[in-house]
Amino acid sequence: MPVAGRSAAAGGGGGRMVLGGGAGAGPGAEDAVVMELAAGDGEDSVVTVNCPDQAGLGCDLCRTILEFGLRITRGADVSTDGQWCYVIFWVVPRSQSINIRWSSLKNRLMSMCPSSYNIPFYHDINPPGPPQFYLLKLFSDDRKGLLHDVTHILSDLELLIQRVKVSTTPDGRVVNLFFITDGMELLHTKERQEETCSMLIDTLGPSVSCEILSAEGFQQGFSSLPPTISEELFTLELDDCESSSGSLSAEMKKVQKASIKFDNSLSPAHTLLQIICVDQKGLIYDMLRTLKDCNIKVTYGRFWSDKKGFREVDLFIKQADGKKVIDSEKQDALQSRMRSEMLHPLRVMIVNRGPDTELLVANPVELSGKGRPRVFYDATLALKALGICIFSAEIGRQTASERQWEVYRFLLEDSKEFPLSNSLTNRNHVVDRVRKTLMGCFN
């Protein structure tokens, strides 16, 4: 049954702007997603989704919220009877510099609601067709942090970077070639192209010139990593980090601790999964994507944070066949998988690529084929903060350890101020800063 009239109580009112809503959220209504936007800086906005249920919907909603640059703050509530679900997220922008397109986010979330909730201009999103690639040519003066600044703008416009090529002309100008896809699927229109180029020029300065072309022949080719590097990157575990080039700082080691327990005594039909661990960026998404890939259904869930930075989670779950998780071997396997995916969702290391230095970032791909949001954004943000220039970057996928990984490769420029080729200390500093940024310590 639809749950009507609950979103207003969740947000607390107080002069908030509301997107969606109405008398109720019955089948076929256009307010399956209701947003109560914060009245001031630092306050939570409330996103409520009330629609028919489907497997993995909570994971998909979390991924989209992360993609738009939002952070889930004090928690989330999830409930479903197997046919209808009701979800609440309390969110804030990850930084004040991020421009949240709330209406666009609402439309994207609406497009994920199954069956009766179809929006005309998102009718092709479910299921998605093959992405259309475009080539963005950007000519500009060279400077540190340029790649991240462009990434920031494209992210605000819902444009996703697939590959980057950077070259310098004899007169000191930089030619940036971005192969991109459009989350709104409108980049073929003149209006969308003009909006993109105008925002780039207005933000980066009048010396920038911009051109967008179709890239129909684009092949997302990706050169496989050497076997020795691949083995170290994809099999790297938390216990092995001290002896690897991706060593953890003392501050990051605290994320290794987590309590994961099963309780089958409280419910005759569900297993209670209780988790306590340090909060970090994308934690709820990592939990839900792992359960989705393991074919575990969440009937009810509550996520909340305490003032010490820990997240406490109660999830009532059952297997795909509707049975509780009672078998001890299944519990051990799920506990091990949850611990790995929650505490170590990303791999970061620096290697030599011929005479050059290369930063590698990898994350597992969902069984649905979806990758992790904003990895490119966060990695370039960390490199900008360190004053490191990026010579080239590419994104590809590689199969290893019986699963598919999304791999980001950044070829870094060496400098006298911050040498990388012969300084293990500087290399470890880069790895630590990138990892911390990816885990939400700096944004």
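What follows is a friendly chat about a predicted model.

Reader: Thanks! How many helices and strands are in the protein?
Author: The protein has eleven helices and 17 strands. Both are DSSP runs numbered from the N terminus, helices being H or I with at least four residues and strands E with at least two.

Reader: And what share of the residues is buried?
Author: Of the 443 residues, 54% are buried. Buried means under 20% relative accessible area, exposed means over 50%, and partly exposed is in between, using a 1.4 Å probe and protein chains only.

Reader: Let's look at α2. Is that helix mostly covered or mostly uncovered?
Author: Helix α2, residues 57-67, is mostly covered, with ten of its eleven residues buried. Among them are Leu57, Cys59, Asp60, Arg63 and Glu67.

Reader: What covers those buried residues of α2?
Author: The cover includes strands β3 (45-52), β4 (70-80), β5 (84-93) and β7 (159-168), along with helices α3 (102-112) and α8 (283-293).

Reader: Which residue with a positive phi follows α2?
Author: That is Gly69, with a phi near 85°.

Reader: New topic: how many disulfides does a search of the whole structure find?
Author: The search finds one disulfide, which is a pair of cysteine sulfur atoms within 2.5 Å. The bond joins Cys197 to Cys210, S to S 2.2 Å. With -60° about the S-S bond, the link is left-handed.

Reader: Where do Cys197 and Cys210 lie?
Author: Cys197 lies in helix α5 (residues 190-204) and Cys210 in strand β9 (residues 209-214), so the pair ties together parts that are 13 residues apart in sequence. Cys197 is buried, at 13% relative accessible area.

Reader: Okay, rings! How many aromatic pairs are there?
Author: The count is three aromatic pairs. Rings of Phe, Tyr and Trp (its six-membered ring) pair if their centres lie within 6.5 Å; planes under 30 degrees apart count as stacked, over 60 as edge-to-face and the rest as tilted. In one of the pairs, Phe234 and Trp405, the ring centres are 5.1 Å apart and the planes at 40°, so this pair is tilted.

Reader: Which parts does that pair of Phe234 and Trp405 tie together?
Author: Phe234 is in helix α6 (residues 227-235) and Trp405 in strand β17 (residues 403-412), so the pair links parts 171 residues apart in sequence. Phe234 is buried at 3% relative accessible area, and Trp405 is buried at 1%.

Reader: What about Tyr300 and Phe316?
Author: Their ring centres are 6.3 Å apart and their planes at 50°, so that pair is tilted too. Tyr300 is partly exposed at 30% relative accessibility, and Phe316 is partly exposed at 21%.

Reader: Last one: which residue lies over the face of Trp405?
Author: Arg403 does, at 5.5 Å from the ring centre. A charge sits over a ring if NZ of Lys or CZ of Arg is within 6 Å of the ring centre and within 35 degrees of the ring normal. Likewise, the charged end of Arg374 sits over the ring of Tyr377, 4.1 Å from its centre.

Technical notes
Residues numbered from 1 in each chain as written. Predicted model: local features only at pLDDT ≥ 70, side-chain atom pairs only at ≥ 80, totals over all residues. Heavy atoms only, no water. Contact = heavy atoms within 4.5 Å.
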